[in-house]
Amino acid sequence: MKKIEAIIRKTKFEDVKEALLAADIEWFSYYDVRGEGKMRQARIYRGVMYDTSCIERILINVVVRDKNVERTLAAIQQSAHTGEIGDGRIFVIPIEDAIRIRTAERGDIALYNAEQEK
């Protein structure tokens, strides 16, 4: 199992969500996050200068079986891509175990219902 964390532009979230659902990834969590990047610039709005070094993004977390990792990565990468600086990052983290609290099932089966495998 792997945990995939993707930091993407807010404007691309709906595209990424649709791509994940199309790739049969039915459960993921997401958060509004802020970060600092290399780009340092100030913008002027109505005569007031604002620092734009703090970047607002969406962080998507999804845990998938090993057989679904490449499909999930491709869905995120293709749907979040604009070709401009600031498209984001994807991190793949190994997961040692998963436990479904309700049934105490462990491992891959804890991620999805067995009925869905048919």
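Trainee: Where is Asp24 found?
Mentor: Asp24 lies in the loop between helix H1 (13-22) and strand E2 (29-36). Helices (H or I, at least four residues) and strands (E, at least two) are DSSP runs, numbered from the N terminus. This is a predicted model: local features need pLDDT of at least 70, side-chain atom pairs need 80 or more, and totals for chains, interfaces and linings use all residues. Residues are numbered from 1 along each chain as its sequence is written, and side-chain values use heavy atoms, without hydrogens and water.

Trainee: What is the phi of Asp24?
Mentor: Positive, about 65°, although Asp24 is not a glycine. Most residues other than glycine have a negative phi.

Trainee: And where is Ala104?
Mentor: In the segment after strand E6 (88-94). Ala104 also has a positive phi of about 65°.

Trainee: Is Ala104 buried or exposed?
Mentor: Exposed, because its relative accessibility is 52%. The cut-offs are under 20% relative accessible area for buried and over 50% for exposed, with partly exposed in between (1.4 Å probe, protein chains only).

Trainee: New topic. Which strand holds Arg9?
Mentor: Strand E1 (residues 2-9). Arg9 counts as buried, at 14% relative accessibility.

Trainee: What does Arg9 touch?
Mentor: Leaving out residues up to four places away in sequence, Arg9 touches Arg57, Thr82, Glu84, Ile85, Gly86 and Asp87. Contact means heavy atoms within 4.5 Å. The Arg9 side chain reaches the backbone oxygen of Ile85 at 2.8 Å.

Trainee: In what order do the elements run?
Mentor: From the N terminus on, β-α-β-β-β-β-α-β. That comes to two helices and six strands.

Terms used: Polar contact = N/O pair within 3.5 Å; in protein donor to acceptor, adjacent residues only side chain to side chain.
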